Amino acid sequence: MTEETPGFEEKPDVPSGANPDDAEPKAASEKEAAPAGDASADAGLVAQLDQVRTALGERTADLQRLQAEYQNYRRRVERDRIAVKEVAVANLLTELLPVLDDIGRAREHGELVGGFKSVAESMESVAAKMGLMQFGKEGEPFDPTIHEALMHSYAPDVTETTCVAILQPGYRIGERTIRPARVAVAEPQPGAQTVQAEEAEESAADDKENGGPEEG
C-alpha cells in the first residue's frame, strides 16, 4: 500500500520532449472546431431544402399544366359533341322538309282531316321540339340571306323590295338556316318614288298656302 505524498498533484502523462502546456490549446481547438462542423451541416440541410422546394415547384407547375390541358380537352370534346349532334339533327330535319311541305299544302287545301291530321300535327310538334322553326311572311322586306327570290315584279304600293308571296316557307335551327324561304318579290315601280315625292311636295305647298295660321 502506497502513501500519497502531500503537496504534490498528479499531472497527466506528457510525452517526452513535449511541453505539458500544449495539451490545453489542443483541447481548446477541438472545442472551436465543433461549431464550424454544425454550421456546415446546417448549410447542407438548407441546400437540400432548396432542392426539395425547387422540385416541388416544378411538379406543381406540371400538375397545373396537365389540369389545364385536361380542362381544354373536356371543353373541346363537349363542343365537338354538341356540333355533331346539331349536324345530325339538321340532316334529319332536312330530310323531313318535303313531308312538312306536303302537310302545309294539305292544310291550305283543307285536306288535313281525320287521322292524317293527328299524325301531321304530331310530326310538326316533334320537329318543333327538336328546334325546327319556320319563317317567311308576306309583306316582310326581302333579305337575301334568308330569302330566295323565285319570282320578280314591280308594284306601285311598295317602297322597298318586299316579299309579296311565300312560295315555300324557310326553316332554321337556332341561328342556322337549313333552307331559305322561297318567295315572290316586288320592287317599287320605276319612277314611282319620284312621282310620290313630287306629289308630297305639291301637297305640302297647298297646305302652306291654304292652311296657314290665322292672324289675330
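This report describes the fold, surface and charged contacts of a predicted protein model.

**Overall architecture**

The protein contains three helices and six strands. Read from the N terminus, these elements follow the order α-α-β-β-β-β-β-β-α. Of the 216 residues in the protein, 15% are buried.

Helix H1 spans residues 23-108 and includes valine 77. Together with Tyr70 and Tyr73, Val77 makes up a nonpolar surface patch, and the three residues have about 310 Å² of accessible area together. Valine 77 has a relative accessible area of 38%, so this residue is classed as partly exposed.

**Salt bridges**

Eight salt bridges are found in the whole structure. Side chains of opposite charge can pair when their charged atoms come close.

| Arginine 59 | Aspartate 62 | 3.3 Å |

The bridge between arginine 179 and aspartate 101 connects two elements. Arginine 179 belongs to strand S5 (residues 176-179) and aspartate 101 to helix H1, so this pair ties together parts that are 78 residues apart in sequence. Both partners are buried: arginine 179 has a relative accessibility of 8%, and aspartate 101 has one of 7%. Since the cut-off for a buried residue is under 20% relative accessible area, the value of 8% places arginine 179 in that class, and the value of 7% does so for aspartate 101.

Within helix H1, arginine 59 and aspartate 62 are three residues apart, and about one helical turn therefore separates them. Aspartate 62 is partly exposed, at a relative accessible area of 25%.

Aspartate 102 and arginine 105 are likewise three residues apart in helix H1, with about one helical turn between them. Aspartate 102 is partly exposed at 41% relative accessibility, and arginine 105 is also partly exposed, at 40%. Elsewhere, salt bridges with shared partners link Glu58, Arg59, Asp62 and Arg65 into one network. The pair of arginine 59 and aspartate 62, with its closest N and O atoms 3.3 Å apart, involves two members of that network.

**Aromatic rings**

A pair of aromatic rings is described by the distance of the centres and the angle of the planes. With ring centres required to lie within 6.5 Å, the count of aromatic pairs in this model is zero. A contact of another kind does involve an aromatic ring: arginine 172 is positioned over the face of phenylalanine 135, at 4.3 Å from the ring centre.

**The loop between strands S1 and S2**

Proline 144 is located in the loop that runs between strand S1 (132-135) and strand S2 (147-155). With a relative accessible area of 62%, proline 144 is exposed; the cut-off for this class is over 50%. The C-alpha atom of proline 144 lies 8.8 Å from that of proline 180, although the two residues are 36 residues apart along the chain.

Conventions: Residues numbered from 1 in each chain as written. Predicted model: local features only at pLDDT ≥ 70, side-chain atom pairs only at ≥ 80, totals over all residues. Heavy atoms only, no water. Phe/Tyr/Trp six-rings, centres within 6.5 Å; stacked < 30°, edge-to-face > 60°. Lys NZ or Arg CZ within 6 Å of the ring centre and 35° of its normal. Helix = DSSP H or I, 4+ residues; strand = E, 2+ residues; numbered from the N terminus. Buried < 20%, exposed > 50% of the residue type's maximum accessible area, 1.4 Å probe, protein only. Patch = residues over 30% accessible without salt bridge, like charges linked within 9 Å, V, L, I, M, F, W, Y side chains within 5 Å. Areas by Shrake-Rupley, 256 points an atom, 1.4 Å probe, with all protein chains shown as cover. Salt bridge = Lys/Arg side-chain N within 4 Å of Asp/Glu carboxyl O.
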